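Good morning, and thank you for joining. Please take a moment with the sequence and the model before I go through the computed description.

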Amino acid sequence: MTTGTGTDWAAWQESWDRQQEWYMPDREERFRIMLDMVEAFAGPAPRVLDLACGTGSITARLLRRFPGATSTGVDLDPALLAIAGGTFAGDDRVTLVTADLRDPDWPAALPYDSYDAVLTATALHWLHSEPLAALYGRIAELVRDGGVFLNADHMIDDSTPRINAAERAQRHARMDQAGRDGALDWSAWWQLAAQDPALAGPTARRFEIYGEHADGDMPSPAWHAATLRAHGFGEARPVWCSPSDTLLLAVK
């Protein structure tokens with residue numbers, strides 16, 4: 001998506017949003033609830049850590065709703081960070097950091113020692129349970145007392161196999177129809193990115209880092225809540241869910 005004057009970063013953001021909505025039609029609703037909870041605990045000018053920020057989807061919505069907010073976006077994906085960098089170029093409210101969340105020293109790269117809120121969406125399921133638990137401990141150290149962590153992601157309750165199977169079948173039927181109507185899936189979106197002169201190099205590097213797709217875990221909301229409490233948070237529970245996704249809130 002390149003114009004005569006350069007890459008159209010807004011178009012890439014829009015394209016990413018549409019691709020993500022193909023998988024998660026309730027995506028905007030969970031972002032709204034996420035920011036409701038940030039406002040409830042941190043007011044209208046929070047200092048936020050956008051964890052595994054990707055293109056900056058959370059940060060964009062945060063700043064639209066709270067112009068006085070500041071955001072630190074952290075990710076390892078060079079292609080998605082390139083889109084985030086183009087989107088927020090010149091905005092001194094946003095700092096982008098390249099870091100691997102599996103590295104125990106990644107917080108050292110951050111510009112602040114503490115945050116009012118740490119937010120993440122559709123990202124941490126790439127990690128297995130053991131490194132995710134360790135990451136939760138590091139997140140707890142970054143959240144100020146009274147601050148919050150919110151994770152919106154796929155969280156599977158294995159105690160309800162018939163519900164899970166029915167939900168999955170219906171969701172995939174709807175996705176198949178959307179695909180026939182022209183929606184881009186994950187693979188098609190990345191093929192498009194590889195054809196853009198500004199993203200071809202970063203996309204190639206991205207697949208060198210991650211491969212086609214990471215094979216993480218999707219433990220239940222109860223596991224996430226218990227693990228967060230065990231690693232420094234005082235309270236944790238879901239505050240929103242769809243048939244396939246959960247938004248879990250933890251308070252320091």
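I begin with a definition: a residue is called buried under 20% relative accessible area, exposed over 50%, and partly exposed in between, using a 1.4 Å probe and protein chains only. By that scale Cys241 is exposed, at 53%, and Cys53 is buried, at 7%. A search of the whole structure for disulfides, that is, pairs of cysteine sulfur atoms within 2.5 Å, finds zero.

A word on provenance. This is a predicted model, in which local features need pLDDT of at least 70 and side-chain atom pairs count only at pLDDT 80 or more, while totals for chains, interfaces and linings use all residues. Residues are numbered from 1 along each chain as its sequence is written, and side-chain values use heavy atoms, with hydrogens and water left out.

Turning to the overall fold, the protein has nine helices and nine strands; these are DSSP runs numbered from the N terminus, with helices being H or I of at least four residues and strands E of at least two. Its radius of gyration, taken over C-alpha atoms, is 18 Å, close to the 18 Å given for 252 residues by the globule rule, so the protein is as compact as a globular protein of that length. That rule is 2.2 Å times the number of residues to the power 0.38. The C-alpha trace spans about 50 × 50 × 35 Å along its principal axes, and buried residues account for 47% of the 252.

Next, the interior. A nonpolar core here is a set of buried Ala, Val, Leu, Ile, Met, Phe, Trp, Tyr and Cys residues joined through side-chain atoms within 4.5 Å. The largest one has 29 residues, and Leu49, Trp106, Ile139 and Phe149 have the most contacts inside it. Among the elements giving two or more residues to this core are helix H5 (129-142) and strand S7 (143-154), and H5 supplies the largest share, six residues. A second, separate core of 25 residues includes Val148 and Leu150. Contact means heavy atoms within 4.5 Å; leaving out residues up to four places away in sequence, Phe149 touches, among others, Val118, Ile139, Leu228 and Leu248.

Finally, two aspartates. Asp36 lies in helix H2 (residues 27-42) and is partly exposed, at 23%. Its side chain makes a polar contact, at 2.6 Å, with the side chain of Arg65. Asp105, in the loop between strand S5 (94-98) and S6, is exposed, at 54%.

A polar contact is a pair of N or O atoms within 3.5 Å; within protein, one must be able to donate a hydrogen and the other to accept it, and residues adjacent in sequence count only if both atoms are side-chain atoms.
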